[in-house]
Amino acid sequence: MAIVLPDDVAETAERILEVDRQRSSDDPFKLSASLLILVETRHSAYHNAYVNQKSATGQRMGNSELANQSFSRLAQRLREGYRFLSALPGFRVTSGEKLSALHSYGWTNGKMGKLQSKDRILQLARLALSVTPSILPAEARYPADLLAQIESELDILKDAAPGAQIGVRSTATQAKRTALKELALAIGRVRAFYISASDDMDKTPELAKIGFSPRKVSGQRRIPAEMPLETPVIGPPTSQPT
């Protein structure tokens, strides 16, 4: 029996369908209507699952890249907000008010620190939107256009997050594996049908047409037509008793 590898399952199913289309209705190897529908249905289901899995993989990669770009822009907007506050002149905002505003926006001890953690970037961005209305004096608040850009990047991340989760791809991959298993079982039933359609059983050459190797006839033990005569042993004559 030929071993059908996962990568060859769809190809084997296509070969089965193609061979069956060429058979006449009275051909003993012509698949029954129910078995033919089973192979066609499961082949179509596997094809759809394969396409969905590839699409989910591409979507996840695309959304992940989109999210990474958005995080990069969001971090830049936050840095610009920090620099805006730091650059406020003393005649508008006192040093105490400036330090208080920086602290309210999440800049601990009035310092920017590193903006590499995505969690920190999200925390600072959300904090900016929530605390701005309560910042006093009003001159120490982030500008409206800066807040609009921060909110826009957060919306992008919200839309990209579901597709970026590995669970989407995992679900599609599991569906593909299930469809593959069911298609392989259908192919196994076709092989069994071919074997039952001939007295040659699993030695029928018809199996080769759908990608399976017929079982070879085992060699029989050869029995010589004539048994050779025993060759007499020639030796010195035996002594006769006197």
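**Figure 1. How confident is the prediction across the chain?** pLDDT is the predictor's confidence in each residue, on a scale from 0 to 100. In this predicted model, the chain has a mean pLDDT of 82, and 79% of its residues reach 70 or more. Over residues 1-5 the pLDDT falls below 50, and this stretch has nine contacts beyond near neighbours in sequence; a contact here means heavy atoms within 4.5 Å. Where pLDDT is low, the predicted coordinates should not be read in detail. Residues are numbered from 1 along each chain as its sequence is written, and side-chain values use heavy atoms, with hydrogens and water left out. Because this is a predicted model, local features need pLDDT of at least 70 and side-chain atom pairs count only at pLDDT 80 or more, while totals for chains, interfaces and linings use all residues.

**Figure 2. The whole chain, a fold of helices.** Welcome to the overview: the chain has seven helices and zero strands, in the order α-α-α-α-α-α-α along the sequence. Helices (H or I, at least four residues) and strands (E, at least two) are DSSP runs, numbered from the N terminus. Of the 242 residues in the chain, 33% are buried. Buried means under 20% relative accessible area, exposed means over 50%, and partly exposed is in between (1.4 Å probe, protein chains only). Among contacts between residues at least 6 apart in sequence, 69% join residues at least 24 apart.

**Figure 3. Helix H1 from end to end.** Helix H1 covers residues 9-21, which is 13 residues, and reaches 19 Å from its first C-alpha to its last, close to the 18 Å expected at 1.5 Å a residue. The expected span is 1.5 Å times one less than the number of residues in the helix. Which residues of H1 are buried? They are Val 9, Ala 10, Thr 12, Ala 13, Ile 16, Leu 17, Val 19 and Asp 20.

**Figure 4. The buried side of helix H3.** In H3 (residues 95-104), look for the buried residues Lys 98, Ala 101 and Leu 102. These residues lie on the same side of H3 because they cover an arc of only 100 degrees around the axis; the arc is taken from the directions from the helix axis to the C-beta atoms. An α-helix has 3.6 residues a turn, so residues three or four places apart point the same way. After H3 comes Gly 106, with a positive phi near 100 degrees.

**Figure 5. Two nonpolar cores.** A nonpolar core is a set of buried Ala, Val, Leu, Ile, Met, Phe, Trp, Tyr and Cys residues joined through side-chain atoms within 4.5 Å. In the largest core, of 29 residues, the members that touch the most others are Tyr 105, Trp 107, Tyr 142 and Ile 150. H2, H3, helix H4 (118-131) and helix H5 (144-164) each supply at least two residues of this core, and H2 gives the most, with seven residues. Apart from this core lies another, of 24 residues, including Ala 13, Ala 179, Ile 195 and Ile 210. Zoom in on Ile 150: not counting residues up to four places away in sequence, Ile 150 touches Leu 74, Arg 77, Leu 78, Ala 125, Ala 128, Leu 129 and Tyr 142.

Figure 6. Tyr 46 sits in helix H2 (residues 33-86). Is Tyr 46 buried or exposed? Tyr 46 counts as buried because its relative accessibility is 9%. The C-alpha atoms of Tyr 46 and Glu 182 are 8.5 Å apart, although the two residues are 136 residues apart along the chain.

**Figure 7. The loop between H6 and H7.** Thr 204 is found in the loop between helix H6 (166-196) and helix H7 (206-209). With a relative accessible area of 2%, Thr 204 is buried. Leaving aside neighbours within four places in sequence, Thr 204 contacts Phe 29, Tyr 194, Ser 198 and Pro 214. Met 201 lies in the loop between H6 and H7 too, and is partly exposed, with a relative accessible area of 43%. The phi of Met 201 is near 55 degrees, a positive value in a residue other than glycine.

**Figure 8. Backbone angles in two other loops.** Most residues other than glycine have a negative phi, and most peptide bonds are trans. In the loop between H3 and H4 you will find Asn 109, a residue other than glycine with a positive phi, near 60 degrees. Asn 109 counts as exposed, at 64% relative accessibility. In the loop between H4 and H5 is Pro 137, and the peptide bond from Leu 136 to Pro 137 is cis, with omega near 0 degrees.
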